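Dear colleague,

I am passing on the structure below, together with some notes on how its parts are arranged. Please read them with the coordinates open beside you.

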Amino acid sequence: MNKDFLDKQIVITFLFGMFITLFSSHINAESSSDNNEVEFAVFSMNNDIPALSKSKARMIYKGKTKKINGSLKIILVDLPVNSIHREEFYSMLLGKSISQMNGYWASLSFSGKGKAPEELNSDDIKSIIEWLNNNPNGIAYAPIESVPENANILITILQGE
């Protein structure tokens with residue numbers, strides 16, 4: 001066979017492979033954004049805790065405030081570090097990764113300005129509810145479809161907000 005013909009075949013095969021790769025990653029990105037959009041609820045089992053604005057929720061989850069309405073001291077709980085929901089939640093609310101949040105909480109703790117939320121052993125909704133029932137001023141987050149109807153939803157966090 002002719003060397004030019006083989007070189008053209010290699011280039012065509014390479015370009016076709018690149019096209020398939022780019023096309024399939026575009027399809028995967030579209031389908032994952034359509035199918036995996038999770039809406040989170042920040043909630044409590046205490047009906048005395050008022051609704052939160054997005055800026056207030058950000059302040060709470062950055063450790064900038066521990067009180068709502070100036071007097072009601074709240075306690076945060078976090079999902080396990082390996083929970084996909086934890087990563088999605090912090091990405092959606094704060095635009096931060098788990099490692100960024102861990103570093104952030106470590107610096108707050110080191111400076112004495114705050115401490116990380118208590119971490120649950122499981123991201124099962126039963127564990128979250130049990131923790132909230134034992135901590136009346138506790139606030140948690142979970143995918144909205146798993147939050148019980150009797151929970152006090154303080155704010156919902158939508159994908160892309």
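In what order do the strands of the open sheet lie, and what kind of pairing do they have? Before the answer, please keep in mind that this is a predicted model. The open sheet has 5 strands in the order β5-β4-β6-β1-β7, and their pairing is mixed. Its edge strands are β5 (118–119) and β7 (152–157), each of which pairs on one side only.

The individual pairings run as follows. Strand β4 (75–78) pairs with β5 in the parallel sense over 2 bridges, and within this pairing Val77 has Glu118 of β5 as its bridge partner. On β6, too, β4 pairs in the parallel sense over 2 bridges, with Ile75 finding its bridge partner in Gly138 of β6. Strand β1 (residues 40–44) and strand β6 (residues 138–143), by contrast, run antiparallel and are joined by 4 bridges; here the bridge partner of Phe43 in β6 is Ala140.

Helix α2, for its part, lies across β1, β4, β6 and β7, and runs at about 110° to β6.

The helices also pack on one another, and α2 leads on to α3. Helix α2 (residues 54–61) and helix α3 (residues 84–94) have their axes 10 Å apart and pack at an angle of about 125°, which makes α2 oblique to α3. The crossing in which α2 passes α3 is left-handed. On the α2 side the meeting residues are Lys54, Ala57, Arg58 and Tyr61, while α3 brings Phe89, Tyr90, Met92, Leu93 and Leu94. By class, the residues of this contact of α2 with α3 comprise 7 nonpolar and 2 charged, with no polar ones.

The structure holds 9 aromatic pairs, and one of them is formed by Tyr61 and Phe89, whose ring centres are 5.0 Å apart and whose planes stand at 70°, so the pair is edge-to-face. Because Tyr61 lies in helix α2 and Phe89 in helix α3, the pair ties together parts that are 28 residues apart in sequence.

The contact is made by Arg86, Glu87, Tyr90 and Leu94 of α3 together with Ile98, Met101 and Asn102 of α4, and its residues divide by class into 4 nonpolar, 1 polar and 2 charged.

With kind regards

Terms used: Residues numbered from 1 in each chain as written. Predicted model: local features only at pLDDT ≥ 70, side-chain atom pairs only at ≥ 80, totals over all residues. Heavy atoms only, no water. Axes fitted to C-alpha atoms, helices over the stretch in contact; angles between N-to-C directions. Parallel < 35°, antiparallel > 145°, perpendicular 65-115°, else oblique. Left-handed = near helix turned anticlockwise from the far one by under 90°. Contact = heavy atoms within 4.5 Å. Nonpolar A, V, L, I, M, F, W, Y, C, P; charged D, E, K, R; others polar. Pairing = 2+ DSSP bridges. Phe/Tyr/Trp six-rings, centres within 6.5 Å; stacked < 30°, edge-to-face > 60°.
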